[in-house]
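Please keep the sequence and the structure at hand while reading.

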Amino acid sequence: MGKLTDALDHPEEIWPLVQMYAAARKAKAQTRGSPDWDFCYSLLNAVSRSFSIVIQQLPPQLRDAVCIFYLVLRALDTIEDDMTIPVDVKVPELVKFHTRLRDREWKYVCGEKDYRRLMLNYPLVTQAFLQLDSVHQEVITDIARRMGKGMAEFIERDVETVQDYDLYCHYVAGLTGLGLVHLFKASRLEHGDLPDDLANSMGLFLQKTNIIRDYLEDINEEPAPRMFWPKEIWGKYGRVLEDFKDPANSAAAVQCLNHLVLNVMRHAVRSLEFLSRLQDIQVFRFCAIPQVMAIGTLAECFNNPQVFTGVVKMRRGETAKYMVSINSMRNVYLAFAHFACIMIKKCNGPAQNDPHATELHVVLNEVLERCGEGLNVQPAKLQADGLRGILGKAATRPAIALSSIVLILASVVTLLVVYGILADLWRSSQQYN
Ligand code: D61
Ligand code: MG
């Protein structure tokens, strides 16, 4: 029901939804007829819808390497996340993981559902990994080694300080950014200056957004919760993290949430800088789409008590709209400005008494300024437009026209079907007469 009313409320999202659905179907239907690669791509599809779509639109010389990079790190992460593995078993397993990459027999049964399927069939991933260029293999092995070591470090201690938080996110996501840059360069698709610090910010922006959004899921995790919110921040708002689940503590919980949103938004300008340096359009889309989804998710989460009672996500249609329209830096600036404006509006309205509203406002203005520079318009003008939803009006204009066509076609099809039924009825009534 929600889907239909959403579509009627946002008709401009219908065509992007159709395009996404078609792209997903096409991706699923593609087979190479070799069990290793077919397994790898079907698992990628099953485990991550959004990364699967952006990975599959990469150029061929990069697509396979990034797909395997994803699955290798997903396997490592499945070991990290499995709370039934005893610490003294898990730590050495994470540290040694990179040495398993060339072992055609190795598997480690853990995780659940599709993650378990990945671990059970890991030899198929290894078989595909060993077919990659040796440079790609080396990059993946190096990142898996550093990530495993970092994950092991945080199995034995908690994320306490903001510095710990940045370090943990560097290990699990920032390193992925560094590895991807190496893969882009090794495939000769990117030649520019993409320093580690900028690539790291790309990962931190995605990872911190997930950590903020997944509060409830992580705290309810069985058999034991696994939390990454830094105590240096949440300790200012509560005695224990579980307290935020209680609606009686909603005000303090939301202040804590807003403090974390301020913390992650400090990465936004650097991530725009990274994106503006990319040269290949497919690599650009692969990198930009997740960043736009992240700032969209943050705009939804900011000052929203529902983070503590359920899942806060962008609408599927909105996700689809951005997936199809992010094909230039201009549209990234427009999207970032749009979501920054949504947050500025909250800073001036419902969140105006928040202890960090002023600081967040400053950071959001820096994002707007950067977008203004990129677009060659005054940030003030951007703000006036931003509140009306610039991307919805300018960048997706063809999508709106096309969605009207879809609606018209749908009406025509309906009429034809109704006409067919009536004609059948008439014919059968003629027979019996
Ligand atoms: C450009 C494009 C994609 C990028 C990027 C730059 C920089 C970094 C990243 C992707 C990585 C972002 C990770 C954000 C999602 N977080 C997780 O999945 C957590 O696990 C982290 C360890 C495994 C990383 C696996 C990964 C993810 C995305 C990739 C990739 C590898 C390889 C290529 C492309 C994209 C998280 O998972 C649980 C959850 O979020 O539900 C966790 O356990 O904390
Ligand atoms: Mg993990």
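In which loop does Asn303 lie? In this predicted model, Asn303 is placed in the loop between α16 (281-301) and α17.

## Backbone features

Asn303 is not a glycine, and yet its phi is positive, at about 60°. With a relative accessible area of 18%, under the 20% limit for burial, Asn303 counts as buried.

Lys113 also has a positive phi, of about 50°, without being a glycine. Lys113 belongs to helix α7, which covers residues 113-120, and its relative accessibility of 73% puts this residue in the exposed class. A further backbone feature is the cis peptide bond that joins Glu222 and Pro223, for which omega is about 0°; Pro223 is found in the loop between α12 (215-219) and α13.

## Domain arrangement

The protein is divided into domain 1, which covers 25-189, and domain 2, which is made up of 190-215 + 250-408. The C-alpha centres of domain 1 and domain 2 lie 27 Å apart, and the contact takes 28 residues from domain 1 and 29 residues from domain 2.

## The second largest pocket

The second largest pocket has a volume of about 430 Å³ and is lined by 23 residues, of which Asp158, Pro225, Arg226, Met227 and Phe228 lie nearest its centre. Two or more lining residues come from each of the elements α6 (87-96), α9 (134-156) and α13 (231-234). Sorted by class, the lining of this pocket holds 15 nonpolar and 8 charged residues, with no polar ones.

Helix α6, which contributes to that lining, has Lys90, Val91, Glu93 and Leu94 as its buried residues. In an α-helix there are 3.6 residues a turn, so residues three or four places apart point the same way. The buried residues of α6 are covered by elements that include α5 (60-81) and α9, and α9 is also one of the elements that line the second largest pocket.

## Aromatic pairs

Across the whole structure, a search finds 17 aromatic pairs. One of them is formed by Tyr322 and Phe339, whose ring centres are 5.3 Å apart and whose planes stand at 50°; since this angle falls between the 30 degrees below which a pair is stacked and the 60 above which it is edge-to-face, the pair is tilted. The two residues come from distant parts of the chain, 17 residues apart, with Tyr322 in helix α17 (residues 316-325) and Phe339 in helix α18 (residues 329-348). Both Tyr322 and Phe339 are buried.

Elsewhere, ring pairs link Phe97, Trp106, Tyr108 and Tyr122 into a cluster.

## A buried arginine

Is Arg370 buried or exposed? Its relative accessible area is 15%, so Arg370 counts as buried, and this residue is located in helix α19 (residues 357-375). When neighbours within four places in sequence are left aside, Arg370 is in contact with Val269, Leu272, Glu273, Ser276 and Tyr333.

Definitions and conventions: Residues numbered from 1 in each chain as written. Chains lettered and ligands numbered in written order. Predicted model: local features only at pLDDT ≥ 70, side-chain atom pairs only at ≥ 80, totals over all residues. Heavy atoms only, no water. Phe/Tyr/Trp six-rings, centres within 6.5 Å; stacked < 30°, edge-to-face > 60°. Helix = DSSP H or I, 4+ residues; strand = E, 2+ residues; numbered from the N terminus. Buried < 20%, exposed > 50% of the residue type's maximum accessible area, 1.4 Å probe, protein only. 1 Å grid on protein atoms, 1.4 Å probe; cavity = no way out; pocket = protein on both sides within 12 Å on 5 of 7 lines; lining within 4 Å. Points joined across faces, edges and corners; volume = space filled by probe spheres on them. Nonpolar A, V, L, I, M, F, W, Y, C, P; charged D, E, K, R; others polar. Domains from an automatic or database assignment. Contact = heavy atoms within 4.5 Å.
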